[in-house]
Amino acid sequence: RSPPPPRLVKAGYKEVILTGIHLGSYGRDLDDADGIDLAGITRMVAAVDGLARVRLSSVEPTDVTVELIRLVAENPRVCRHLHIPLQSGNDATLKRMNRKYSTAEFAGAVQRVRREAPGVAISTDVIVGFPGETDADFASSLDFVREMAFSRLHVFKYSPRKGTAAARFPGQAPGRVKEERSQAMIHLGEELSLDFHRKFVGEVLEVLFEQSEEPGYLSGLTDNYIKVEAPVVGAETLTGEGVEALTGEIRPVRLMKAYADRMRGVIESRPG
């Protein structure tokens, strides 16, 4: 329950990710939590001297509280990115999945986040081909996902697990149907990601560079979960720093071109 020890910052770590099963329930089962919930522990971690970023992993829509949204909006060290699992954009399917929220409640959470935290990335998980999902159910799920305009989708084809209730449900979808629905949802996710990325063309965002995937380029993430590639050699370089010097560092990058899975930009020279 403690913030990351200073030794991690001293070792050069710029970002930490708070993760866990049912992350939004943090503190509820602890007698000595002193009322600290997910927003509270995130605020504590963000206060560690020298730490640049705190990122949250998956948070259930029912755990997206007003306090958590306010923290994302107001604390510059808390990343403007929330992964809120949807699973299905159809209420009948959500009910069969035994989810504790409706599409209307999910949409309300998303709208509150976007109203309070401009530029936030909201990514999600979607399952296709859940038992009983009809063509009409899937179509409504597609429509809802499109309406939510997620920044990124993780799409999964339902597969039965022995011993689960869903494995015994009627209406098990054939493999061909699940594949077709998966491809349709993935294609929509690519469209939505491209739309999200295009909003930031021309802007300068801070990128934490992590790895080299192509000679002469480094890639990393913005605080709002955009993967960015930038050249670090040649005429386009403005800083004179090489791959080794920039790896693990945060630099301002002017975003120039949008793709579905990433953006490309140019590292800005720092004032002075």
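Predicted model: local features only at pLDDT ≥ 70, side-chain atom pairs only at ≥ 80, totals over all residues.

Visitor: Which residues have the most contacts inside the largest nonpolar core?

Guide: They are Phe106, Val145, Phe150 and Met185, in a core of 50 residues.

Visitor: Why is Leu56 called buried?

Guide: Buried means under 20% relative accessible area. Leu56 has 4% relative accessibility, so it counts as buried. Leu56 is placed in strand E2. Not counting residues up to four places away in sequence, Leu56 touches Leu18, Leu23, Leu38, Thr42, Leu68, His81 and Leu82.

Visitor: How do you know that helix H2 is mostly covered?

Guide: Of the 9 residues in H2, which spans 38–46, 7 are buried. They are Leu38, Ala39, Gly40, Ile41, Thr42, Val45 and Ala46. The cover over these residues includes strand E1 (15–18), strand E2 (53–56) and helix H3 (66–74).

Visitor: What is found at the start of H2?

Guide: A side-chain oxygen of Asp37 comes to within 3.3 Å of the backbone nitrogen of Ala39 there.

Visitor: Why is the pair of Asp137 and Arg96 called a salt bridge?

Guide: The term requires a side-chain nitrogen of Lys or Arg within 4 Å of a carboxyl oxygen of Asp or Glu. For Asp137 and Arg96 the distance is 3.8 Å, N to O, so the pair meets the definition. In general, side chains of opposite charge can pair when their charged atoms come close.

Visitor: Where in the chain do Asp137 and Arg96 lie?

Guide: Asp137 belongs to helix H6 (residues 135–148) and Arg96 to helix H4 (residues 91–96); the two are 41 residues apart, and the pair links distant parts of the chain. Asp137 is buried, at a relative accessible area of 13%. Arg96, at 27%, counts as partly exposed.

Visitor: How many salt bridges does the structure hold?

Guide: There are 17. One of them joins Glu180 to Arg176, with the closest N and O atoms 3.3 Å apart. Both residues lie in helix H7 (residues 175–198), 4 residues apart, which is about one turn of the helix.

Visitor: Why would residues four places apart in a helix point the same way?

Guide: An α-helix has 3.6 residues a turn, so residues three or four places apart point the same way.

Visitor: Which parts are tied together by Glu229 and Arg262?

Guide: The side chains of Glu229 and Arg262 meet in a salt bridge of 3.0 Å, N to O. Glu229 lies in strand E8 (residues 227–231) and Arg262 in the loop between strand E9 (250–258) and strand E10 (263–267), so the pair ties together parts 33 residues apart in sequence. Both Glu229 and Arg262 are buried. Together with Asp261 and Arg264, they are linked in a network of salt bridges.

Visitor: How many strands form the closed barrel?

Guide: The barrel has 5 strands, in the order E6-E7-E8-E10-E9, with mixed pairing. Its twist averages 50 degrees from one strand to the next.

Visitor: How do you know that E7 and E8 pair?

Guide: Pairing requires at least two bridges between the strands. E7 (residues 217–222) and E8 have 5 bridges, in the antiparallel sense, so they count as paired. Within this pairing, Leu218 stands opposite Ala230 in E8.

Visitor: What is noted about the phi of His22?

Guide: His22 has a positive phi of about 55 degrees although it is not a glycine. His22 sits in the loop between E1 and H2. Its 57% relative accessibility is why His22 counts as exposed.

Note on methods. Residues numbered from 1 in each chain as written. Heavy atoms only, no water. Buried < 20%, exposed > 50% of the residue type's maximum accessible area, 1.4 Å probe, protein only. Contact = heavy atoms within 4.5 Å. Polar contact = N/O pair within 3.5 Å; in protein donor to acceptor, adjacent residues only side chain to side chain. Core = buried A, V, L, I, M, F, W, Y, C linked by side-chain atoms within 4.5 Å. Axes fitted to C-alpha atoms, helices over the stretch in contact; angles between N-to-C directions.
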